[in-house]
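This report describes a single protein chain.

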Amino acid sequence: MSHGPRSGLAAVSSALLAMSRHLEVRDVLKTIVASARELLDAQYAALGVPDDHGGFAQFVVDGVSDEQWKAIGPLPRQHGILAAMLQEAKVERLADVRKDPRFEGWPSAHPDLADFLGLPIRDGDEVLGALFLANKRRPGEGYSPCAQQDGTCGFTAEDEELLGILAQHAAIALTNARLYERSRELTIAEERSRLAHELHDAVSQKLFSLRLTAQAAARLVDRDPSRAKGELQQVAALAAEAADELRAAVVELRPAALDEDGLVATLRTQVQVLDRAHTARVTFTGRGVRALPAAQEEAVLRVAQEALHNALRHSGAGHVEVTLERRGSGAVLRVTDDGVGFDPRAVRRAGRHLGLVSMRDRASGVGGSLTVESAPGKGTTIEMEVPGG
């Protein structure tokens with residue numbers, strides 16, 4: 001069995017392992033397409049995930065540059081050969097796709113496709129997507145249109161069988177990625193619910209105190225102006241605290257920009273906002289951190305948010321320092337404050353956790369670890385270490 005420079009069981013194993021490493025749907029789609037193109041030695045590969053409106057919710061290509069892709073224009077619709085693969089759920093192996101009666105043309109910037117191999121990716125009766133390859137490379141010829149004298153296409157029955165095996169595993173990887181994303185959405189929803197509850201409690205308490213203090217000031221204005229002035233100063237302080245609580249909660253409720261900006265930029269932005277919103281100085285330092293798998297980055301961000309919340313709300317710190325630095329292929333997060341500190345053992349005995357349980361769960365959930373160093377009067381350091389990909 002020969003499929004270009006990488007062949008046989010080792011190539012199949014490499015492709016399957018690559019798919020299993022990713023949890024984000026988009027990453028899984030890209031890996032499936034790249035693995036299929038390399039495994040079968042084709043010039044182009046693509047995978048379309050259909051929507052319910054005759055188009056594609058996602059469409060991933062490999063072998064086409066970003067400039068070419070932009071020039072091609074909008075995503076294709078479900079028509080021609082693509083529609084046949086999705087609706088009839090069958091394999092299409094063609095000597096020249098342009099000569100098929102279902103061929104409906106393509107945009108002027110679209111690359112020229114000839115020999116074609118496509119098949120649906122299925123999970124039971126559900127068609128998850130359509131995977132196809134074009135322009136098989138023949139030994140010594142490079143990429144060129146199908147030129148066999150007998151009219152057969154460049155892709156063989158063996159290629160078809162191999163792509164079928166890949167598609168079966170792709171269905172499993174894609175289904176797992178979808179389940180992971182749904183689980184993460186539920187986790188985010190739970191986190192937002194918790195934050196909303198905290199926001200309600202914190203701001204309600206401040207506003208209640210604010211109302212009582214304002215009432216006291218109103219009663220004292222005529223008979224004791226000096227005390228009334230003091231009460232009004234307390235009103236101003238309580239109003240500022242309520243505003244701080246509101247700003248901090250709004251920052252946490254915003255969706256993290258991990259996908260767009262990455263972990264370092266997202267942490268830096270959130271720290272800058274918290275620094276403006278609180279009287280304590282909040283700083284961030286990042287040292288040589290590489291991109292981590294999505295699950296690790298999200299866990300690090302959530303632990304950082306929890307640790308910052310504790311430091312800014314409970315410690316009375318004047319300075320909170322966040323550092324993120326590379327350690328091997330992974331990273332270490334450290335959140336340190338110069339606040340009042342606490343005895344971790346006493347906290348556990350009292351049944352109060354300060355979010356430590358959830359932080360440890362997040363760390364262990366991605367193969368990492370979390371340590372807490374604190375003592376009364378000596379501040380607190382939360383350290384989380386996570387492995388790389």
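## Overview

Of the 389 residues of the chain, what percentage count as buried? The share of residues that count as buried is 43%, where buried means under 20% relative accessible area, exposed means over 50% and partly exposed is in between, with a 1.4 Å probe and protein chains only. The model is predicted: local features need pLDDT of at least 70, side-chain atom pairs count only at pLDDT 80 or more, and totals for chains, interfaces and linings use all residues. Residues are numbered from 1 along each chain as its sequence is written, and side-chain values use heavy atoms, with hydrogens and water left out.

The chain has 10 helices and 10 strands. These are DSSP runs numbered from the N terminus, with helices being H or I of at least four residues and strands being E of at least two. Among contacts (heavy atoms within 4.5 Å) with a separation of 6 or more, 62% are between residues 24 or more positions apart.

## Nonpolar cores

A nonpolar core is a set of buried Ala, Val, Leu, Ile, Met, Phe, Trp, Tyr and Cys residues joined through side-chain atoms within 4.5 Å. The largest one has 36 residues, and those with the most contacts inside it are Leu267, Leu308, Val320, Leu324, Leu333, Leu370 and Met384. At least two residues of this core come from each of helix 7 (258-277), strand 6 (281-287), helix 8, strand 7 (319-327), strand 8 (330-337), helix 10, strand 9 and strand 10. Helix 8 supplies the largest share, 10 residues.

Apart from this core lies another, of 29 residues, which includes Leu39, Ala42, Leu47 and Ala173. In soluble globular proteins, nonpolar side chains tend to be buried together.

Not counting residues up to four places away in sequence, Leu333 touches Leu267, Val300, Val303, Ala304, Val322, Thr323, Leu324, Ile382, Glu383 and Met384.

## Helix 10

Helix 10 spans residues 356-365, and its buried residues are Leu356, Met359 and Ala363. These residues lie on the same side of helix 10 because they cover an arc of only 65 degrees around the axis, the arc being that of the directions from the helix axis to the C-beta atoms. The buried residues of helix 10 pack against helix 8 (294-314), strand 9 (369-374) and strand 10 (380-386). After helix 10 comes Gly367, with a positive phi near 80 degrees.

## Strands 1 and 2

Strand 1 (residues 42-50) and strand 2 (residues 56-62) run antiparallel and are joined by six bridges; two strands pair if DSSP finds at least two bridges between them. Val49 has Gln58 in strand 2 as its bridge partner. The two strands, strand 1 and strand 2, form a hairpin with five residues between them, and Gly54 in the turn has a positive phi of about 85 degrees.

## Aromatic cluster

The structure holds five aromatic pairs. Rings of Phe, Tyr and Trp (its six-membered ring) pair if their centres lie within 6.5 Å; planes under 30 degrees apart count as stacked, over 60 as edge-to-face and the rest as tilted. The pair of Phe59 and Phe132 is tilted, because the ring centres are 6.5 Å apart and the planes are at 50 degrees. Phe59 lies in strand 2 and Phe132 in strand 5 (residues 126-136), so this pair ties together parts that are 73 residues apart in sequence. Phe59 is buried at 8% relative accessibility, and Phe132 is buried at 11%.

Phe132 also pairs with Phe116: their ring centres are 5.4 Å apart and their planes at 25 degrees, so this pair is stacked. Since Phe116 lies in strand 4 and Phe132 in strand 5, the pair ties together parts that are 16 residues apart in sequence. One aromatic cluster is formed by Phe56, Phe59, Trp69, Phe116 and Phe132.

## Single residues

Asp115 is in the loop between strand 3 (92-94) and strand 4 (116-123). Asp115 is buried, with a relative accessible area of 0%. A polar atom of the Asp115 side chain lies 2.7 Å from the backbone nitrogen of Lys136.

Ala89 has a positive phi near 50 degrees and is not a glycine. Ala89 is in the loop between helix 4 (80-88) and strand 3, and is partly exposed at 21% relative accessible area. Asn135, likewise not a glycine, has a positive phi of about 65 degrees. Asn135 lies in strand 5 and counts as buried at 4% relative accessibility.

Notes: A polar contact is a pair of N or O atoms within 3.5 Å; within protein, one must be able to donate a hydrogen and the other to accept it, and residues adjacent in sequence count only if both atoms are side-chain atoms.
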